[in-house]
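Please look over the sequence and the coordinates before reading on.

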Amino acid sequence: MKTIDSLDVKGRRVLLRADLNVPLDGETITDDRRITASLPTIRALAERGARVVVCAHLGRPKGKVAPEFSLAPVAKRLGELLGAEVRFASDVVGDSARATAESLGDGEVALLENLRFEPGETSKDDAERGAFADKLAALAELYVGDGFGAVHRKHASVYDVPKRLPHAAGSLIAAEVEVLRRLTDELARPYVVVLGGAKVSDKLGVIANLLTKVDRLLIGGGMAYTFLAAQGHEVGRSLLQADQIDQVRGFLDEAARRDVELVLPVDVVAATHFAADAPHEVVEATAIPADREGLDIGPKTRELFAAKLADAATVFWNGPMGVFEFDAFAGGTRAVAEALVASKAFTVVGGGDSAAAVRRLGLPEDGFSHISTGGGASLEYLEGKTLPGLSALED
């Protein structure tokens with residue numbers, strides 16, 4: 001995979017696919033981490049005299065113009081962080097986009113409107129997607145892929161455009177791929193993976209693949225209750241995917257066969273209902289009352305998980321241990337995060353809710369070796385899938 005160092009960018013328009021999918025409250029950006037993560041590549045190109053045309057998506061407008069998903073606030077914030085004007089095109093491949101791209105001088109930056117306002121961006125029809133990619137590619141002479149959070153999508157800006165222009169990977173994608181290789185091809189052991197989040201069905205593929213690689217797998221969050229049920233335990237009104245129980249029993253058997261230590265909660269914080277102020281108590285994980293639902297791992301499990309992480313050389317964590325958005329049920333997620341900060345291992349936080357939890361709980365981001373910008377992309381890579389955006393850059 002080539003990097004931007006291989007491109008002669010001075011005086012040339014470079015279409016940069018970034019990941020600027022930030023959370024908005026109205027027009028206020030509530031977390032600009034994805035913007036700041038894109039800055040090194042944008043700055044490097046601009047400083048070398050490129051005319052940088054940035055494209056990105058925001059939310060899921062489903063191929064229609066939706067003002068609430070406009071990238072205009074992102075253009076403003078990007079300009080503030082760069083300390084220079086970022087010109088904003090009011091469309092994606094129309095008159096405004098063409099005029100904005102053509103107006104750029106060396107070292108200047110522009111941002112196109114939300115890619116997903118165009119149905120061709122996400123179309124499953126190759127011809128429709130290709131037609132849109134032709135228009136997008138016509139805005140520039142070179143392409144740089146740096147939106148790691150979207151590389152698992154076969155979208156026009158990610159997959160089709162780099163087939164039409166000389167291309168390279170930006171520094172963010174290069175860094176993410178290097179980290180993922182350390183989690184797959186260059187492992188230091190013991191290798192411990194912590195998986196949480198709501199649904200086991202979201203992680204079937206990655207669990208199956210990880211069981212062939214890890215030394216220890218810790219399961220928390222809502223998905224743990226399906227594992228407990230698969231062992232025959234009562235889980236009350238906890239989140240349960242009954243249709244996945246047979247699959248999970250297979251995982252338990254496979255872990256035993258491969259001598260992988262699969263660690264489940266031994267106690268949970270069980271609440272009367274799903275609410276920030278719900279009455280709750282700590283109960284044994286094998287005896288959750290029928291009228292209660294588990295919303296966090298308990299104190300014994302927090303100690304157990306921390307102990308299982310203490311001797312690790314490599315750790316990957318994806319998914320919170322409980323409903324961390326509610327203070328009463330954030331203790332488990334905090335405990336896992338603090339154990340990683342205290343660890344001497346190579347520690348990777350797999351984006352998504354895990355990264356959001358680190359920020360919400362006020363933990364130092366530099367306490368982890370790497371915090372990914374793309375949870376879904378990271379999981380699919382670890383699942384062993386070919387990611388369209390990476391394969392396009394490798395051609």
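## Nonpolar cores

The largest nonpolar core has 72 residues, and those with the most contacts inside it are Leu136, Ile207 and Phe227; a nonpolar core is here a set of buried Ala, Val, Leu, Ile, Met, Phe, Trp, Tyr and Cys residues joined through side-chain atoms within 4.5 Å, where buried means under 20% relative accessible area, exposed means over 50% and partly exposed lies in between, with a 1.4 Å probe and protein chains only. Helix α9 (residues 224-230) supplies the largest share of this core, six residues; helices (H or I, at least four residues) and strands (E, at least two) are DSSP runs, numbered from the N terminus. A second, separate core of 29 residues includes Val22, Val54, Leu58 and Ala75.

Leaving aside neighbours within four places in sequence, Leu136 is in contact with Leu15, Val92, Val93, Leu112, Leu115, Ser157 and Val161, contact meaning heavy atoms within 4.5 Å. In soluble globular proteins, nonpolar side chains tend to be buried together.

## Basis of the values

The model is predicted, and local features need pLDDT of at least 70, side-chain atom pairs count only at pLDDT 80 or more, while totals for chains, interfaces and linings use all residues. Residues are numbered from 1 along each chain as its sequence is written, and side-chain values use heavy atoms, with hydrogens and water left out.

## The six-stranded parallel sheet

Six strands form an open sheet in the order β11-β10-β9-β15-β16-β17, and their pairing is parallel; two strands pair if DSSP finds at least two bridges between them. The edge strands of this sheet are β11 and β17 (370-371), each of which pairs on one side only. Helix α11 (residues 299-309) packs on the sheet and touches β9, β10 (216-219), β11 and β15, its direction making about 155° with that of β10; axes are lines fitted to C-alpha atoms, for helices over the stretch in contact, and angles run from 0 to 180 degrees between N-to-C directions.

Within the sheet, strand β15 (residues 314-318) and strand β16 (residues 346-349) pair in the parallel sense over four bridges, and Trp317 stands opposite Val349 in β16.

## The three-stranded antiparallel sheet

A further open sheet has three strands in the order β13-β12-β14, with antiparallel pairing. Strands β13 (280-284) and β14 (293-297) stand at the edges with a single partner strand each, so one side of each is left without a neighbour in the sheet. The twist averages 40° from one strand to the next.

Strand β12 (residues 267-271) runs antiparallel to β13 and is joined to it by five bridges, and the bridge partner of Ala270 in β13 is Glu281. Helix α11 packs on this sheet, touching β12, β13 and β14, and its direction makes about 40° with that of β14.

## Helix α1

Helix α1 (residues 33-47) has 15 residues and reaches 22 Å from its first C-alpha to its last, close to the 21 Å expected at 1.5 Å a residue, the expected span being 1.5 Å times one less than the number of residues. The helix bends by about 35° at Leu39, and a proline, Pro40, follows within four residues; the bend at a residue is the angle between axes fitted to the seven residues ending there and the seven starting there.

Among the buried residues of α1 are Arg33, Ile35, Leu39, Ile42 and Leu45. After α1 comes Gly49, whose phi is positive, near 90°.

Leu183 is placed in the loop between α7 and β9 and is buried, with a relative accessible area of 1%. Not counting residues up to four places away in sequence, Leu183 touches Tyr191, Thr314, Phe316, Val348 and Leu382. The C-alpha atoms of Leu183 and Gly375, which are 192 residues apart along the chain, are separated by 14 Å.

Asp160 is found in helix α6 (residues 156-160) and is likewise buried, with a relative accessible area of 6%. Its contacts, apart from neighbours within four places in sequence, are Arg129, Ala133 and His155.

## Backbone geometry in loops

Most residues other than glycine have a negative phi, and most peptide bonds are trans. The peptide bond from Arg189 to Pro190 is cis, with omega near 10°, and Pro190 lies in the loop between α7 (171-182) and β9 (191-195).

Lys62, in the loop between β4 (51-55) and α2 (72-82), has a positive phi near 60° and is exposed, with a relative accessible area of 73%. Asp259, in the loop between α10 (245-257) and β11 (261-263), also has a positive phi near 60° and is exposed, with a relative accessible area of 70%.
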